2 protein chains.
Amino acid sequence: MSIKERKELEKSEMRGLILNTAMNLFLDKGFENITIRNIAEKIDYSPATIYLYFKNKDDILFTLRKIGFEKLYEHQVSSLKFDDPLKRLHRQGKTYIKFALENPEYYDLMFIMRGAVARTLDINNCDVGLDSYELLKKNVKECMDEGLFPRTDIDVAAFALWSYVHGIASLIIRGVGIMFPEEGINDIIEGSLNFMLKFDDHKNRNKKKLDLSNKQKTTGENI
Amino acid sequence: MSIKERKELEKSEMRGLILNTAMNLFLDKGFENITIRNIAEKIDYSPATIYLYFKNKDDILFTLRKIGFEKLYEHQVSSLKFDDPLKRLHRQGKTYIKFALENPEYYDLMFIMRGAVARTLDINNCDVGLDSYELLKKNVKECMDEGLFPRTDIDVAAFALWSYVHGIASLIIRGVGIMFPEEGINDIIEGSLNFMLKFDDHKNRNKKKLDLSNKQKTTGENI
DNA sequence: TCAATAAATGAACAGTGTTTAGTTATGAGC
DNA sequence: GCTCATAACTAAACACTGTTCATTTATTGA
């Protein structure tokens with residue numbers, strides 16, 4: 001039995017070696033420029049060997065994706081020691097963007113690349129990948145329970161918030177940053193987060209003035 | 001001269017034919033599955049002929065990208081006949097998402113694919129592609145001028161809004177919709193847009209109550 | 001030591017984007 | 001009409017890609 005265990009260990013070590021090597025190469029040159037032969041050469045094996053440990057190239061990407069989701073989840077939980085759920089949510093957003101910008105290749109793999117999200121969230125149903133989303137929903141729910149949010153469908157609210165941070169992250173990763181002057185990207189992230197949060201403060205401050213002056217009622221009309 | 005003109009016309013017609021055929025094939029089977037040979041075969045030419053009209057495959061994608069930006073811009077201006085800049089902005093957002101979901105292959109090409117945004121907004125500086133963004137900035141500025149927005153850096157505000165709609169569009173395009181129940185995606189879009197807009201209404205309504213009761217001042221603290 | 005199993009590979013297959021040498025069509029000048 | 005330069009086009013190849021499979025090499029239990 002011990003020898004069988006060793007075999008299995010070696011097998012999983014080999015898988016780890018391949019995954020590690022692949023990711024390092026990806027980080028270095030980008031997915032589209034890395035081939036199975038590159039990976040094999042780097043670890044001094046023949047290309048065919050790779051296929052003894054992974055069904056195909058997509059299987060490697062898929063596995064790395066799962067690792068990415070685990071990494072993201074770790075980032076998320078580690079920075080969630082705030083009592084106020086709104087603060088927690090804000091921090092979660094910043095952590096999310098931070099993860100994306102510090103691990104752009106992972107983020108690409110997980111959320112931008114074709115077939116990334118769907119394949120992970122579908123096939124691997126209720127497994128990793130949904131964890132971070134559940135965390136988000138939990139925070140959203142608490143915000144609603146504490147009256148910090150309007151009470152709407154939790155999925156919709158979570159989706160809206162996710163969309164926002166995903167939009168920021170993916171645009172920056174795709175190089176939209178070059179449109180801005182030399183001052184760091186961080187100001188833009190912080191600024192845009194603040195803008196979104198202050199947005200309605202301002203709007204309502206105006207509206208409040210009106211309310212007080214001529215008792216205008218909020219109609220809730222779709223703008 | 002007339003004959004030279006005809007030649008040039010034929011040349012541009014051939015380019016158009018290639019682009020059209022390529023895009024139709026892309027729409028049908030997705031980029032990653034379409035080859036130069038596919039395109040050539042469809043129009044009954046040899047693969048080598050394609051290279052007489054386009055430098056390489058990326059050149060085709062790049063040109064289609066430019067066409068996509070023109071299409072987007074048309075969509076944007078056509079639906080901007082509102083007087084209220086905030087309404088205009090809201091409509092622009094909805095139009096943007098509509099364009100993305102109705103032309104997912106174009107949108108992918110323009111904003112999601114690797115090298116999409118940067119290459120288009122950089123190389124083609126001050127040309128197409130920036131038009132829509134300038135339109136957005138113009139609207140943002142007007143909103144600020146009319147006091148509907150807090151006065152912040154226009155680029156930051158525009159980036160925040162763009163991020164939001166891009167996030168929605170790209171997540172849905174990547175198949176996040178499957179996470180939601182059977183009811184249409186439209187409800188989610190509308191809902192999440194409304195959520196973001198109502199967000200602070202609600203928050204401030206609460207805050208207002210507090211303000212009135214114990215004169216608490218808005219600190220502007222970073223949450 | 002020997003058969004059986006596992007691990008690794010060389011060589012090939014079908015496909016890709018791209019280049020180049022060579023062929024075919026076109027239009028101008030005689 | 002006939003030449004001839006120019007333009008349009010292509011067959012064939014090149015260097016790649018992901019992937020498979022027959023074959024070889026290494027490891028193990030009897």
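Contact here means heavy atoms within 4.5 Å.

## Basis

This is a predicted model, in which local features need pLDDT of at least 70, side-chain atom pairs count only at pLDDT 80 or more, and totals for chains, interfaces and linings use all residues. Residues are numbered from 1 along each chain as its sequence is written, chains are lettered from A and ligands numbered from 1 in the order in which they are written, and side-chain values use heavy atoms, leaving out hydrogens and water.

## Chain A overall

Chain A has 10 helices and 0 strands. Helices and strands are DSSP runs, numbered from the N terminus (helices H or I, at least four residues; strands E, at least two). The pattern along the sequence is α-α-α-α-α-α-α-α-α-α.

Chain A has 223 residues, and 49% of them count as buried. Buried means under 20% relative accessible area, exposed over 50%, and partly exposed in between (1.4 Å probe, protein chains only). Take the contacts in chain A between residues at least 6 apart in sequence: 65% join residues at least 24 apart.

## H4 and H6 in chain A

Two packed helices are described by the angle between their axes and the distance between the axes. Helix H4 (residues 57-78) and helix H6 (residues 104-112) of chain A pack at about 105°, with axes 9 Å apart. Axes are lines fitted to C-alpha atoms, for helices over the stretch in contact; angles run from 0 to 180 degrees between N-to-C directions. H4(A) and H6(A) are therefore roughly perpendicular. Angles under 35 degrees count as roughly parallel, over 145 as roughly antiparallel, 65 to 115 as roughly perpendicular and the rest as oblique.

From H6(A), Tyr106(A), Leu109(A), Met110(A) and Phe111(A) take part; the H4(A) residues they meet include Leu61(A), Leu64(A), Ile67(A) and Leu72(A). The residues of this contact divide into 9 nonpolar, 1 polar and 2 charged. Ala, Val, Leu, Ile, Met, Phe, Trp, Tyr, Cys and Pro count as nonpolar, Asp, Glu, Lys and Arg as charged, and the others, Gly among them, as polar.

## H8 and H9 in chain B

Helix H8 (residues 131-145) and helix H9 (residues 154-173) of chain B pack at about 115°, axes 9 Å apart. That makes H8(B) roughly perpendicular to H9(B). The contact residues are 10 nonpolar, no polar and 3 charged. Among them are Tyr133(B), Leu136(B) and Met144(B) of H8(B), and Phe159(B), Leu161(B) and Trp162(B) of H9(B).

Arg88(B) is found in helix H5 (residues 85-102) of chain B. Arg88(B) is buried, at 11% relative accessible area. A polar atom of the Arg88(B) side chain lies 2.8 Å from the backbone oxygen of Phe82(B).

Asn139(B) is in helix H8 of chain B. Asn139(B) is buried at 2% relative accessibility. Its side chain joins that of Arg88(B) in a polar contact of 3.2 Å. A polar contact is a pair of N or O atoms within 3.5 Å; within protein, one must be able to donate a hydrogen and the other to accept it, and residues adjacent in sequence count only if both atoms are side-chain atoms. Leaving aside neighbours within four places in sequence, Asn139(B) is in contact with Leu80(B), Pro85(B), Arg88(B), Leu89(B) and Gln92(B).

Ile39(B) is in helix H2 (residues 36-42) of chain B. Ile39(B) is buried at 2% relative accessibility. Beyond four places in sequence, its contacts include Ile18(B), Leu25(B) and Ile50(B).

In helix H6 (residues 104-112) of chain B, 8 of the 9 residues are buried, so the helix is largely enclosed by the rest of the structure. Tyr106(B), Tyr107(B) and Phe111(B) are among the buried residues of H6(B).
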